[in-house]
Structures are given as structure tokens and as C-alpha cells.
Amino acid sequence: MTDTTKTKKTKPPVEESLLTSGHRGCAGCGEALGAKLVMDAAGPNTMVTTATGCLEVFSTAYPDSAWRVPWIHSLFENSAAIAAGIEACLRNKGMEDINVIAQGGDGGTADIGIGCLSGVLERNQNVLYVCYDNEAYMNTGVQRSGLTPYDARTSTSPPGTESWGNQHQKKNLLEICAAHNIPYAATASVGFPQDLMMKVKKALKIKGAKFLHVHVPCPLGWIYKTELTIEVAKTAVKTGLYPIVEMAYNKVTRVRKIGKNRQPVEDYLKLQGRFKHLFTEAGKEELEKIRQIAQANIDHYGLE
Ligand SMILES: Cc1ncc(C[n+]2csc(CCOP(=O)(O)OP(=O)(O)O)c2C)c(N)n1
Ligand code: SF4
Ligand SMILES: [Mg+2]
């Protein structure tokens, strides 16, 4: 006889992320991970705008959407302006408890979208702007942006006999935003997910304009094995090349110290094919310049 009192064991339900699985991001995509962490920290009471770029393309291939919150695709340049309109509308309707998050890549934020971003920061609108910095225009084939690091190979900054790769410095986007005297501006990295989520939660509790710069390694554009995303992200921080900082009203309030465990910049650069050309006898001088960039960050923010 069968025992009918026994019920079949079922697995407990897995809480689904607000940027859910099944999208078309590459394996190991730091941007997909960054956006998922941001959304899960923000919670469901959130409206989102996303500029044209990888995140928008891989998460909304028609007719599907990986977003489980109200979401709108802006142009490449105006994610912040669309969010500003949403925020004004919610304010007029007395619905100010809804989080408004504007998102964009490094190209959409630091280059073409910087005017719209500056507007929302200047007006101190109640919007959190998140820049996912994968350090190039990935969606269109790895062209350099204003946030591409010095000497990196991109399709528009190929190293060769005349150049060592990208010959421009990475803009200090954190301080450009902080200089608008907004209540909160910070950097974070997918290498430190708890810190990133804490910053999203903290920012959303503050009324006014907030800016969060998230470092999101891209295995395709940076040329590394997909399973190394977290290691690459952590090493950027531990070498001083990507400082983790919080600012309020244009003053630094907190930093992640790297202290005595600081790693040499080579540890970071060697993980990635985009810096491979530097590891020759002639590349030694360039490596020294990158060491100086890390040292300048460490001195500027007191990371030691
Ligand atoms: C006005 C305008 N110029 C160019 C493009 C083409 N375009 C679409 S996405 C993109 C690059 C996006 O780079 P980024 O903002 O860094 O995002 P990522 O894809 O790297 O995440 C470009 C150049 C466009 N859509 N609109
Ligand atoms: S190209 Fe880079 S940013 Fe774009 S989906 Fe692939 S890993 Fe992510
Ligand atoms: Mg990019």
C-alpha cells in the first residue's frame, strides 16, 4: 500500500532578481551583474531609464524584457533627462516614494550624455544616476570613451608603431558630478557587491540628486576569460587604479583603504589582453606611467 500521508518534497522558491535571468548578456558580463545588484538593492518600488548600450540591448531583445520593474529605453544621450521628466511627474502627482534610477554606460554618461546628466545634478532632482563603466563603447565594437584608461587597446586606439593605445587620461567623472554640490556621489565595483548594494540603498534614502559610478569589467572588450570578472574588478581597486570613494557636497567622506596589501599595477594589467602590448622591453616606460596614475589616485584620496 502507498503511504498517502507523505507529500512530495519541493525546492523552496528562489527569489527572482529584478533584472532576471534569460537576457542576452555575454557570459561573465560585469555590467549585467552590476545592474542586477543595483536593482536588487533598490527593490521593486523603482522606475528605471536606460541609455542605448549593451545593458539596454541585451536585456530587451524584442519582444522580451528582463526587467521586472517599469523600465524605459532612452536615446544614447538622454537617460538623465527622461528620468528628470519621470521624477517631475511623480512629484506633481505626490508619488515621491517611488525610486527613480537613470542608467547609462561610460560613453552614454561621460561623453554624449554628460549635458543631460549635468542638468539633473544642477537641478538637484530626486534621481539616482548609475554609470556602468566598462571603459569603452562596447555595444558598437569597443571604441574608446572618455573613461577608457591610459594605454588600453580599443578598436579606435590600437597600439602600433605610433602609439601605445589610448593616449588620453580617464576623466574623473566622480568629481565632475560631485562638483555640482549634490548630496551624494560615490564609486563602487562589482568586485565588492555588498559595498555596491549598500551605496544604492544609502543613495535612495537621500532626497536630491545622487551619482554612482560602478566599475564593470567586460570580458569581450578587455580580453580576459569570463570567469575572471570578479578578480579583475577587485584587482583594479587593490592596485589603486580604481579608487572606491564616497563624497557628499563635493567633499570626500569615506574611502576604501588599500593599505599594505596594495598590489602592483602589473597584477591588474596582465589579466587583460587590452594591455598585453605593454609587456615588452619598450613598454617599461609606459608601465611606469600607469604606476604613477595609481600612485596619484592613492595620494589624492589617501588610500594607503
Ligand atoms: C546619437 C547616437 N550616436 C551613436 C549611437 C550608437 N551607439 C549605440 S550604443 C553606443 C555605445 C555605448 O557605449 P556605452 O555607453 O559605454 O555603453 P556599453 O555598450 O559599453 O555598455 C553607440 C556609439 C547612438 N545610438 N546614438
Ligand atoms: S560586450 Fe561586454 S558589456 Fe557588452 S554584454 Fe558582452 S561582456 Fe557585457
Ligand atoms: Mg561602455
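Q: Which residue of β8 stands opposite Ala-248?
A: This is a predicted model: local features need pLDDT of at least 70, side-chain atom pairs count only at pLDDT 80 or more, totals for chains, interfaces and linings use all residues, and side-chain values use heavy atoms, with hydrogens and water left out. Residues are numbered from 1 along each chain as its sequence is written; chains are lettered from A and ligands numbered from 1 in the order in which they are written. β7 and β8 pair in the antiparallel sense over four bridges (strands pair if DSSP finds at least two bridges between them). In β8, the residue facing Ala-248 is Lys-251.

Q: Which residue in the hairpin of β7 and β8 takes a positive phi?
A: Helices (H or I, at least four residues) and strands (E, at least two) are DSSP runs, numbered from the N terminus. This hairpin has two residues between its strands. Most residues other than glycine have a negative phi. Here a positive phi near 45° belongs to Tyr-249.

Q: Which residue of β7 is the bridge partner of Ala-185?
A: Strand β5 (residues 184–189) and strand β7 (residues 245–248) run antiparallel. Two bridges join them. In β7, Ala-185 is partnered by Met-247.

Q: Which strands stand at the edges of the eight-stranded sheet?
A: The sheet is open, with mixed pairing and the order β2-β1-β3-β4-β6-β5-β7-β8. An edge strand has a single partner, so one side of it is left without a neighbour in the sheet. The edges are held by β2 (71–73) and β8 (251–255).

Q: By how much are neighbouring strands of this sheet turned against each other on average?
A: The strands in question form the open sheet of eight. The average ignores direction. The turn is 20°.

Q: What angle does the direction of helix α7 make with that of β5?
A: Helix α7 (residues 193–205) packs on the sheet. It touches β3 (99–105), β4 (128–133), β5, β6 (210–215), β7 and β8 (contact means heavy atoms within 4.5 Å). Axes are lines fitted to C-alpha atoms, for helices over the stretch in contact, and angles run from 0 to 180 degrees between N-to-C directions. For α7 and β5 the angle is about 160°.

Q: How far apart are the axes of α3 and α5?
A: Helix α3 (residues 79–92) and helix α5 (residues 114–122) pack at an angle of about 35°. Ala-80, Ala-81 and Ala-84 of α3 meet Cys-116, Leu-117 and Val-120 of α5. By class, that contact has six nonpolar, no polar and no charged residues (Ala, Val, Leu, Ile, Met, Phe, Trp, Tyr, Cys and Pro count as nonpolar, Asp, Glu, Lys and Arg as charged, the others, Gly among them, as polar). The axes are separated by 7 Å.

Q: Which helix gives the largest share of the shell around ligand 1?
A: 17 residues surround this ligand, the closest being Glu-31, Cys-54, Asp-106, Gly-107 and Gly-108 (a residue is near if one of its heavy atoms lies within 4 Å). They divide into six nonpolar, eight polar and three charged. Three residues come from helix α4 (residues 106–111).

Q: Which elements give two or more residues to the shell around ligand 2?
A: Ligand 2 is surrounded by Cys-26, Cys-29, Cys-54, Phe-58, Asn-134, Cys-218, Pro-219 and Leu-220. The elements are α2 (54–59) and α8 (219–222).

Q: Which backbone oxygen does the side chain of Thr-60 reach?
A: Thr-60 lies in the loop between α2 and β2. Beyond neighbours within four places in sequence, Thr-60 is in contact with Ser-65, Trp-67 and Trp-71. Its side chain reaches, at 2.6 Å, the backbone oxygen of Glu-56.

Q: Which peptide bond is cis?
A: Most peptide bonds are trans. Pro-63 is found in the loop between α2 and β2. Omega is near 5° for the bond from Tyr-62 to Pro-63.

Terms used: A polar contact is a pair of N or O atoms within 3.5 Å; within protein, one must be able to donate a hydrogen and the other to accept it, and residues adjacent in sequence count only if both atoms are side-chain atoms.
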